[in-house]
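Hi,

Here is the structure I promised to pass on. Have a look at it first, and then read on for what turned up.

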Amino acid sequence: MGTLFNIVTVIIGSAIGLLFRSRLPERFIKIVFTAMGLFTIYLGLSMALKANEILLLVFALVLGGLFGEWMRLDQLINRFSNWIKSKVNIADEKFSEGMTTAFMLFCVGSLTILGAFEEGTGNPPNLLITKGVMDGFSSIALSAALGPGVLFSAIPLGIFQGGLTLFAGILQPFLSDPIINEITATGGVMIIGIGINILEIKELNVINLLPALLISPFLVSLF
């Protein structure tokens, strides 16, 4: 129920943001871009500072990036987003960017993991409801800046967060607080990269770093 609530808030928030986007002049869209880019970098920094083992963070990002590059993960995700775009007949050039950016912002934080574990182990979904409200407000600004792709980020959000909730009982014993902190820090570094992309400082292939989120807990457990 927590993930379903989260999906609904993202859809409603995105719809409101798209309504604003269609009525805002270009200069207002640019200032929204700037605000979201700066906020995204701030959010990433606050998450990255939770790292306790800097070397493990570096190794996780490097190994994850190499593995993602080998898998050509960016091409797979872009094909998926382009398939959705063709099915709904949307020609927005920022569709893929909006979908992947929103998904990562909504799903790589510790609140996603803790909330999924809370509900998945039989407790009321208080954390996911709180997260859903936050994501709903965030999706207003994101969709105003990045377009309809943000609305469709609800699909991978539902798959990822819902999957964590369903398998919470199996996964929880393997994810201690130090591991969750390192996963959050790894995701934070990626979110900084997303902020750099939004501000158009430099185009970074952040998607191919995603395997680092799986490598990070393995390295923490190993060392």
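Let me begin with the second largest pocket, whose volume is about 420 Å³. Please keep in mind that this is a predicted model. There are 19 residues lining this pocket, and Leu-43, Met-47, Leu-105, Met-134 and Asp-135 are the closest to its centre. At least two lining residues come from each of helix H2 (26-48), H5, helix H6 (110-120) and helix H7 (126-146), with H2 giving the most, six residues. By class, the lining of the second largest pocket is made up of ten nonpolar, six polar and three charged residues.

Now for the largest pocket, which holds about 850 Å³ of space. Its lining counts 28 residues, and nearest the centre lie Phe-103, Phe-160, Leu-210, Leu-213 and Leu-214. Helix H4 (73-88), helix H5 (95-107), H9, helix H11 (177-198) and helix H12 (212-222) each give two or more residues to that lining. H5 gives the most here, with five residues. The classes in this lining are 25 nonpolar, three polar and no charged residues.

There is also a helix pair to look at. The axes of helix H1 (residues 2-23) and helix H9 (residues 154-166) come within 9 Å and cross at roughly 165°; H1 and H9 are therefore roughly antiparallel to each other. Their crossing is right-handed. On the H1 side, the contact is made by Thr-3, Asn-6, Ile-7, Val-10 and Ile-11, and on the H9 side by Ala-154, Leu-157, Gly-158, Gln-161, Gly-162 and Thr-165. That contact has five nonpolar, six polar and no charged residues.

Best wishes

Notes. Residues numbered from 1 in each chain as written. Predicted model: local features only at pLDDT ≥ 70, side-chain atom pairs only at ≥ 80, totals over all residues. Heavy atoms only, no water. Axes fitted to C-alpha atoms, helices over the stretch in contact; angles between N-to-C directions. Helix = DSSP H or I, 4+ residues; strand = E, 2+ residues; numbered from the N terminus. Parallel < 35°, antiparallel > 145°, perpendicular 65-115°, else oblique. Left-handed = near helix turned anticlockwise from the far one by under 90°. Contact = heavy atoms within 4.5 Å. Nonpolar A, V, L, I, M, F, W, Y, C, P; charged D, E, K, R; others polar. 1 Å grid on protein atoms, 1.4 Å probe; cavity = no way out; pocket = protein on both sides within 12 Å on 5 of 7 lines; lining within 4 Å. Points joined across faces, edges and corners; volume = space filled by probe spheres on them.
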